[in-house]
Amino acid sequence: MRIRVVDAFTDRPFAGNPAGVLLLDSFPDDAWLQSVALEVNHAETAFTHRLAEGGEADWALRWFTPAVEVALCGHATLAAAHVLHTTGAHRGPVRFATRSGVLIATPDADGSITLDFPTPPLTPVETPDGVAEALGAEPLRTLDTGPNTGDLLVELADEKTVRALAPDHRALARYSERGIIATARAEDPSRGYDFVSRCFFPNVGIDEDPVTGSAHTALAPFWSERLDRPALTGLQASPRSGLVRTEVRGGRTLLSGHAVTVIEGELLT
């Protein structure tokens, strides 16, 4: 079967967030899926297969990190939609059946893809003791992002603080189900983004995720309320970096970005 590596939330290779993508006839057993994801060894590998016509979704979709299956992943969904469209396996909007409900990916005229994801509940919480020390910066406020992602969202003082973080990943693992999203307002919005973030997910085997679509479902409503605008652009300031355009529409959040296929080969086992 064909296997591809796609860089998501970028319009150039070797940037954004790489994801493995496999188009299957059906899902094999979970142990095989997990083994392939470990072999690919990117933040996520997306497995998808076509569903019967006439249902609420067109393709089934699952995501695996090298360590676990996850309930929601933005960049690997973008990567899967990109492969479906560029190979001609699917045309127009694609509806994915996932553990987080039906997610729709729509190709745009500029070559980007827009994902329609659920907006998570954001609940203000007290910053747990030890988070500041593990992160290496003092949060201004902390929110829980709900069950689909299981993160703590922490606002920091400024963009420079976010960029300079060098956290203790092992220590961070004890504070949330998946990890920590650190964010701050952009220092200079004229550079083309409104806020910055970095994402640390040690509990799913990812010390720092390059560009995280699922995190932006929480970042979008957080910053849209603060900046009083529904449509924003976020820069994930990881070493690979990537831009995510966001728009909050009540219970749904739209995430838009480009993707580039960088590797295509044959899986032999």
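Trainee: Which residue in β4 does A46 stand opposite?
Mentor: A46 stands opposite W63. This is a predicted model, by the way.
Trainee: How many bridges join β3 to β4, and are they parallel or antiparallel?
Mentor: Six bridges, and the two strands run antiparallel.
Trainee: What else does β4 pair with?
Mentor: Two bridges join β4 to β6, residues 94-98, and that pair is parallel. W59 has F96 as its bridge partner there. Another two bridges join β4 to β5, residues 69-70, this time antiparallel, with F64 partnered by E69.
Trainee: How many residues sit between β4 and β5?
Mentor: Four, and the two strands form a hairpin.
Trainee: Why is β4 described as largely enclosed?
Mentor: Because six of its six residues, 59-64, are buried by the rest of the structure. On one side these are W59, L61 and W63, and on the other A60, R62 and F64, so both faces are covered. In a regular strand the side chains alternate between the two faces of the sheet.
Trainee: Switching to β2. How many of its residues are buried?
Mentor: Seven of the eight in 17-24, so β2 is largely enclosed too.
Trainee: And which residues pair with G20?
Mentor: V5 stands opposite G20, and in β3 the bridge partner of G20 is T45. Six bridges join β1, residues 2-8, to β2 in antiparallel fashion. Between β2 and β3 there are six bridges as well, but those strands run parallel.
Trainee: What handedness does the unit with helix α1 have?
Mentor: Right-handed: β2, α1 (residues 30-40) and β3 make a β-α-β unit.

Note on methods
Residues are numbered from 1 along each chain as its sequence is written. This is a predicted model: local features need pLDDT of at least 70, side-chain atom pairs count only at pLDDT 80 or more; totals for chains, interfaces and linings use all residues. Side-chain values use heavy atoms; hydrogens and water are left out. Buried means under 20% relative accessible area, exposed over 50%, partly exposed in between (1.4 Å probe, protein chains only). Two strands pair if DSSP finds at least two bridges between them. A crossover is right-handed if, with the strands pointing away from the viewer, the path from the first strand over the helix to the second runs clockwise.
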